[in-house]
2 protein chains.
Amino acid sequence: MEQITVLELGKRAKAVKNILAAASPKQKNDALAAIADALVKRTDEIVAANKIDLENAVKNNMSKAMQDRLLLTPERIEGIAAGVRKLIQLEEVVGCVESGVVRPNGLRIQKTRVPLGVIGIIYESRPNVTVDAATLCMKAGNCAILRGGKEAFSSNSCLMDIMRDAVEAAGLPKDIVQLVGDTSRESSNQLMTLSEYLDVLIPRGGAGLINAVAQNATVPVIKTGVGNCHVFVDESADLEMAVNIVDNGKTQRPSVCNAIETVLIHRAVAEKFLPMMKARLDAHNVVLHGDDTTQTVLGNSVLAATDTDYATEYGDYQLAVKIVDSVDEAIEHIGVYGTNHSECIVTKSLDNAEKFQREIDAAAVYVNASTRFTDGGEFGFGAEIGISTQKLHARGPMGLYELTTVKYLINGEGQIR
Amino acid sequence: MEQITVLELGKRAKAVKNILAAASPKQKNDALAAIADALVKRTDEIVAANKIDLENAVKNNMSKAMQDRLLLTPERIEGIAAGVRKLIQLEEVVGCVESGVVRPNGLRIQKTRVPLGVIGIIYESRPNVTVDAATLCMKAGNCAILRGGKEAFSSNSCLMDIMRDAVEAAGLPKDIVQLVGDTSRESSNQLMTLSEYLDVLIPRGGAGLINAVAQNATVPVIKTGVGNCHVFVDESADLEMAVNIVDNGKTQRPSVCNAIETVLIHRAVAEKFLPMMKARLDAHNVVLHGDDTTQTVLGNSVLAATDTDYATEYGDYQLAVKIVDSVDEAIEHIGVYGTNHSECIVTKSLDNAEKFQREIDAAAVYVNASTRFTDGGEFGFGAEIGISTQKLHARGPMGLYELTTVKYLINGEGQIR
């Protein structure tokens, strides 16, 4: 891929964004189909490019888990293509009328959805994000400028070349999808301040990246992904249900943002619940960090929990435990340590369920269900670009709708004020 | 008023924001009614405090127009109180369910509206904004930290004291509305970076303020107010209607952001339209800045328009004029010089109307109506905190709805993934 400055990428996106914004559903879907076909047809190229990243990964002693994230096999490439084909089936959002009124003076006002414009995405290792993010942006009528991690640069470049060729063959300008051809910190900073050309920046990654973006970006940002999620097991909880929800939240996929990190347990049920929970979690060798009561009940295998534990998103088979005296104390703890992502109460009390849902300040507040459901697919959005933990614009899973904004269309017959 | 640091204001707001967020519609409306009553009852105090600002204004040679903006009379105070009473009538937004689904696994997911939390507002001279902004935030369940201009500090302090007393008397914590007790640039910068305590910052003012905020803020920002708006008079326009719309857009209230600054005229009607337009605008002594053709048709009274003219939000009885060859050229001009606020085409052509509405990238795009309608009141929102010219979160007039965000409530019976 030719090396182009971030500024030049911005200019190229700006030059074509109106063409994409005005493209018909069919034009966009044709381009998506062309991408899906090309990914499968050019699988060998992708695997070869991916091999270079994998060889570097071995040289750099990357962990096996991280190497697995990098790996692209023909099956995985087929899976990525299938994700793109799924987008084709989703309903068009651009141009939809969200609401409309006729004012007393006869003005007809329509609130319509339009693309955001040009979206920058900074992400880390997984190369599948290159295709997922670009195509989701495209379906919503947005140009994408992607800046992936250096570990996946060879794979990302290959995937981008294939997408650009396919887009062009389908009759849209190839510059609607672009990859930053340089993975230095500098290129990341340039993207964060490309206000004249970028409408939104979405960082996808760990707390370090999110904070760097929040501090440095002059482009409007949608923060995603940091999740220090809790389950509160209330006095009246169905304890079997609570064990299932804690186990699922912790062990089904510990590395994701909607996994739980701390369980809060009402003192009245602690003695009964703790051993039930431990027995289940032991199957996954989950390390517990508990307060005094937890240690007393469960014994020496429980490490002492510190404030740092309660503030940590382990992303691993570790879980902090705290005994509380009331739903109020649980809500207060979550207010201090939570990251406004997903929180759950297990209870049979209507009062406590309603209080928890009303007073917890988070994107998703659950009663008697696992926090692992905070996901665009599980919410029925069909696809997702990330999970927003901020309050402006989008909160929770972001699908096509969240990748659009508003345009008011007003029609009259000469009305003046 | 006691002098408190901006950080301390943030802490105080955070300490009470959950109380306001959970307040019932009646509690909030009672507080609003108490504020309206107190403003009228304590009119003498307000007028006395305002007199101090007015005396300083005279000392500092403030323009008559600016002095008039500062002035609070008993009638104007009654008007402010009436605005607060109007809020009471508006439908509650907090807690409303925007949409809901039942997923195949039985999970019930509701998308509800909740307050943003704590809103910072930086504004300039008009003291009525102190009450308008604080009460609109309150109705939507948000705490407000206001930072007004130094010219109105005495008036703002008095209005704030009255509101805080009334809120407390009505049974809500007075810290839900606060005024920054220091009008230095430093206090403004502190507010822009109070990320831990502020959920959103809304600057209301000129381009200088908006740009300073965009550059320096780490708090999420909603930009408001800069409007370089255009009317395009198409070949097929009803020229009488076009004159009305241009005249209304320019002269009805030239200082506001939805007033027009440039008129674009299709070459085919320029010779006929220009004299009609000039005759009408002469009644207000509007100064025209035109291109060569305009100068040729209208003669010496027209100044030569420069690129700077086309980029300027005059906010005054001045208007730039440009002759274009097509709707495409008009759209292109607006793309270069527009500020994504409000744009208008006057036409009888369905094709051109649709093309203009589709391709113009602005909050509000008009066909055959004045841009002056871009306003929360005119759109039927009942009240307005400003007009957003950005794409994230809110675009166009911002009412109660735009002062809220999303919370997903998910109820299940033990579902896990």
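Tutor: What follows is a walk from the relation between the chains, through their contact, along the sheets that cross it, and on to a few neighbouring regions.

Please keep in mind throughout that this is a predicted model. Chain B can be laid on chain A by a turn of 180° with a shift of 0.0 Å along the axis, and the RMSD is then 0.0 Å. The two copies are therefore related as by a two-fold rotation axis. Within chain B, the C-alpha nearest that axis belongs to B:His393, which is 1.7 Å from it.

The contact itself draws 53 residues from chain B and 54 residues from chain A. On the side of chain B that touches chain A, two or more residues come from each of helix H9 (207–216), helix H10 (239–251), helix H15 (350–359), strand E13 (364–369) and E16 of chain B. E16(B) gives the most to this side, with 11 residues. Sorted by class, the side of chain B that touches chain A has 24 nonpolar, 19 polar and 10 charged residues. Of the interface residues of chain B, 100% are also interface residues in chain A, so the copies meet through the same surface.

An open sheet of 10 strands, with mixed pairing, has the order E10(A)-E9(A)-E11(A)-E8(A)-E7(A)-E12(A)-E13(A)-E16(B)-E2(B)-E1(B). At its edges stand strand E10 (303–304) of chain A and strand E1 (97–102) of chain B, each with a single partner strand, so one side of each is left without a neighbour in the sheet. The passage from one chain to the other is made where strand E13 (residues 364–369) of chain A pairs with strand E16 (residues 404–415) of chain B, in the parallel sense and over 5 bridges. Within this pairing, A:Tyr366 has B:Ile410 in E16(B) as its bridge partner. Helix H15 (residues 350–359) of chain A packs on the sheet here, touching E12 and E13 of chain A together with E16 of chain B, and its direction makes about 160° with that of E13(A). Further along, helix H14 (residues 327–337) of chain A lies across strand E7 (229–233), strand E8 (260–266), strand E11 (318–324) and strand E12 (342–346) of chain A, running at about 140° to E11(A).

A second open sheet can be read in the order E1(A)-E2(A)-E16(A)-E13(B)-E12(B)-E7(B)-E8(B)-E11(B)-E9(B)-E10(B), with 10 strands and mixed pairing. Its edges are strand E1 (97–102) of chain A and strand E10 (303–304) of chain B, each with a single partner strand, so one side of each is left without a neighbour in the sheet. Here strand E16 (residues 404–415) of chain A and E13(B) pair in the parallel sense over 5 bridges, and in E13(B) the bridge partner of A:Tyr408 is B:Ala364. Helix H14 (residues 327–337) of chain B packs on this sheet, where it touches strands E7, E8, E11 and E12 of chain B at about 140° to the direction of E11(B).

At the chain A end of this second sheet, E1(A) and strand E2 (residues 108–115) of chain A run antiparallel and are joined by 5 bridges. These two strands form a hairpin with 5 residues between them, and A:Gly106 in the turn has a positive phi of about 95°. A:Thr112 in E2(A) is the bridge partner of A:Val97, and A:Thr112 also has A:Lys407 in E16(A) as a bridge partner. E2(A) and E16(A) themselves pair in the antiparallel sense over 8 bridges.

Another pairing, in chain A, joins strand E3 (residues 118–123) to E6(A) in the parallel sense over 5 bridges, with A:Pro203 in E6(A) as the bridge partner of A:Ile122. In strand E6 (residues 200–204) of chain A, 5 of the 5 residues are buried, so this strand is largely enclosed by the rest of the structure. Both of its faces are covered, with A:Val200, A:Ile202 and A:Arg204 buried on one side and A:Leu201 and A:Pro203 buried on the other.

Note on methods:
Residues numbered from 1 in each chain as written. Chains lettered and ligands numbered in written order. Predicted model: local features only at pLDDT ≥ 70, side-chain atom pairs only at ≥ 80, totals over all residues. Buried ≥ 20, exposed ≤ 12 C-beta atoms within 10 Å, placed from the backbone. Helix = DSSP H or I, 4+ residues; strand = E, 2+ residues; numbered from the N terminus. Pairing = 2+ DSSP bridges. Contact = placed C-beta atoms within 7 Å. Axes fitted to C-alpha atoms, helices over the stretch in contact; angles between N-to-C directions. Least-squares fit on C-alpha atoms with pLDDT ≥ 70 in both. Nonpolar A, V, L, I, M, F, W, Y, C, P; charged D, E, K, R; others polar.
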